[in-house]
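Please read them with the structure open.

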Amino acid sequence: MRNLLFFLYKYYTFLLFFSLELFSLIILYQYNTYQRASFLNTTGAVAAAFYEKVNNTTSYFSLRRINDSLLTENARLRTLQLNAYYQNGFTLSTLNDTSYKQQYSYISANVVNNSVIRRNNYITIDKGRLHGIEPNMGVISSNGVVGIVTAVSEHFSTIRSALNKDTKISAMLKKNGAFGSLEWKGDNPKYTNLVDVNKHVQVKVGDEVITNNFSTIFPVGIPVGVISEQSLDAGDNFHTLKVELYTDFSTLRNVYVIRNKFRDEQVELERQVKGDH
Amino acid sequence: MIIELLSYLGRFIILLLLQLLVIKNIELSTFINPYIYPLFILTLPVSTKPWQVVLISFITGFIVDSFYIPFGLHMAATTFMGYLRIFYLKFAANKEDFDAKLAPNLSRKGPVWFVLYCLVLIFAHHTVLFYLEVYSLSEFFRTFSRVFASSIASVALITLGQVLFYKAAQRK
């Protein structure tokens with residue numbers, strides 16, 4: 001007993017260091033896996049509120065650019081509207097309402113905190129559970145894919161951006177539907193990589209990359225970027241593809257969170273199938 | 001005593017605001033990712049008790065972590081750096097420094113001593129921080145170059161700040 005006390009007395013600094021370091025590591029990995037520890041949510045909310053205040057001031061400096069990007073998007077959406085098309089056919093078919101059921105809805109949000117140069121980048125937005133956001137929803141900008149929601153508090157959400165080691169977004173080539181997965185290697189925030197595209201598929205520089213419908217997160221056809229470099233090493237089964245992203249993460253201000261109304265149904269079904277095996 | 005405490009608190013808040021409002025927004029390259037808030041731990045008086053240094057480092061990391069995702073990276077890195085500082089000073093600081101309760105800075109200890117001191121401890125801090133963030137050894141060399149470039153940038157910024165502040169204070 002005396003020896004133990006002596007030991008504690010002699011090494012108390014080391015023991016303090018050791019326990020605090022261990023505590024940090026446990027928090028770090030608990031938080032990464034579950035994202036649920038409630039006291040952490042509070043500190044996260046304080047930081048988000050701080051960043052929101054900062055953002056309220058700084059966003060004025062980029063109003064012109066934000067307006068421009070929204071105008072461009074409006075123009076594109078107007079072009080897609082039904083009344084922008086000349087009716088070429090003679091017969092009008094009546095549209096039965098029940099043949100269309102809305103699957104995706106979009107929630108707009110402002111970016112309050114963002115980074116692009118860390119190995120694992122996260123984005124904080126100013127909408128949360130109150131606005132109907134839940135973990136694992138997809139996030140896009142007016143130009144293309146942004147990331148996936150990881151954690152939600154009452155008024156804020158954090159998004160794992162596409163510029164993150166752990167974000168894997170299922171994508172395909174627009175021209176032939178050959179699919180792969182987006183992975184960021186951590187060197188340049190303007191580019192990402194499309195991996196696992198089979199070597200028998202024809203890929204050229206300039207081909208467009210869009211999301212596919214393998215996941216429940218993004219609707220099919222959300223633009224991602226264009227192929228900027230392509231190479232195929234001898235003996236390799238997969239193309240090495242560099243994709244130039246449409247979304248400019250460093251100036252990101254407005255995003256849309258995608259709510260998939262059929263997600264629960266699909267996830268539940270897939271879970272049942274897995275349970276059978 | 002109270003004044004000293006307040007001045008340290010003020011220094012901490014200024015460093016934190018500088019980090020979050022200025023440094024964090026300079027996004028030059030994915031390899032240059034400096035952090036200057038460890039300067040707060042570096043400038044604690046040499047005579048601060050070891051357990052106090054460790055505890056202050058931990059609290060500093062905790063506060064900084066509240067502003068970054070994921071939570072825990074800065075806590076782990078800063079606690080480690082604080083613990084390492086105890087050994088570095090045992091070896092690099094002399095008895096007069098301990099007796100005078102010296103707070104290490106550029107003008108008191110000279111540029112070579114101070115830059116080396118910063119470089120060693122900041123490098124340790126960044127090593128823990130960046131490797132924990134990647135959490136795999138598959139990108140070992142890429143992460144190493146990131147640690148290296150960021151440490152140089154952090155130390156350069158810290159030294160620049162010291163030159164501006166302490167030279168100006170001496171002239172008065």
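**Notes on chains A and B**

1. In chain A, six strands form a closed barrel in the order 6-7-8-11-10-9, with antiparallel pairing. On average, neighbouring strands of this sheet are turned by 40° against each other, direction ignored. Two strands count as paired if DSSP finds at least two bridges between them. Helices (H or I, at least four residues) and strands (E, at least two) are DSSP runs, numbered from the N terminus.

2. A word on the basis. This is a predicted model, in which local features need pLDDT of at least 70 and side-chain atom pairs count only at pLDDT 80 or more, while totals for chains, interfaces and linings use all residues. Residues are numbered from 1 along each chain as its sequence is written, and chains are lettered from A and ligands numbered from 1 in the order in which they are written.

3. Glu229(A) has Lys242(A) of strand 11 as its bridge partner.

4. Chain A also has a closed barrel of six strands in the order 1-2-5-4-3-12, again with antiparallel pairing. Its twist averages 45° from one strand to the next. Strands of a sheet pair through backbone hydrogen bonds, either parallel or antiparallel.

5. Strand 12 (residues 254–260) of chain A pairs with strand 1 (residues 104–114) of chain A through seven bridges, antiparallel. Tyr104(A) stands opposite Asn260(A) there. Strand 12 of chain A also takes three bridges from strand 3 of chain A, again antiparallel. In that pair, Val139(A) faces Val257(A).

6. Strand 2 (residues 122–125) of chain A runs antiparallel to strand 5 (residues 157–161) of chain A, with four bridges. Thr124(A) has Thr158(A) of strand 5 as its bridge partner. One backbone point to check follows. Asn136(A) has a positive phi of about 70°, although it is not a glycine. Asn136(A) sits in the loop between strand 2 and strand 3 (138–140) of chain A.

7. Chain B has eight helices and zero strands. Its pattern along the sequence is α-α-α-α-α-α-α-α. The radius of gyration of chain B is 16 Å, close to the 16 Å of the globule rule for 172 residues, so chain B is as compact as a globular protein of that length. The radius is taken over C-alpha atoms, and the rule is 2.2 Å times the number of residues to the power 0.38. Along the principal axes, the C-alpha atoms of chain B fill a box of roughly 45 × 35 × 30 Å.

8. Helix 3 (residues 50–65) and helix 4 (residues 73–92) of chain B have axes that come within 7 Å and cross at roughly 160°. That makes helix 3 of chain B roughly antiparallel to helix 4 of chain B. Axes are lines fitted to C-alpha atoms, for helices over the stretch in contact, and angles run from 0 to 180 degrees between N-to-C directions. Angles over 145 degrees count as roughly antiparallel, under 35 as roughly parallel, 65 to 115 as roughly perpendicular and the rest as oblique.

9. The crossing of helix 3 and helix 4 of chain B is right-handed (the near helix is turned clockwise from the far one by less than a right angle). Their contact includes Pro50(B), Phe58(B) and Phe62(B) of helix 3 and Met75(B), Tyr83(B) and Ile86(B) of helix 4. By class, this contact has 13 nonpolar, seven polar and two charged residues. Ala, Val, Leu, Ile, Met, Phe, Trp, Tyr, Cys and Pro count as nonpolar, Asp, Glu, Lys and Arg as charged, and the others, Gly among them, as polar.

10. The peptide bond from Ile69(B) to Pro70(B) is cis, with omega near -5°. Pro70(B) lies in the loop between helix 3 and helix 4 of chain B.

11. How do the two chains meet? In all, 27 residues of chain B are in contact with 30 residues of chain A (C-beta atoms, placed from the backbone, within 7 Å). Helix 3, helix 4 and helix 7 (111–134) of chain B are the elements giving two or more residues to this side of chain B. Helix 4 of chain B gives the largest share, six residues.

Technical notes: Two residues are in contact if their C-beta atoms, placed from the backbone, lie within 7 Å.
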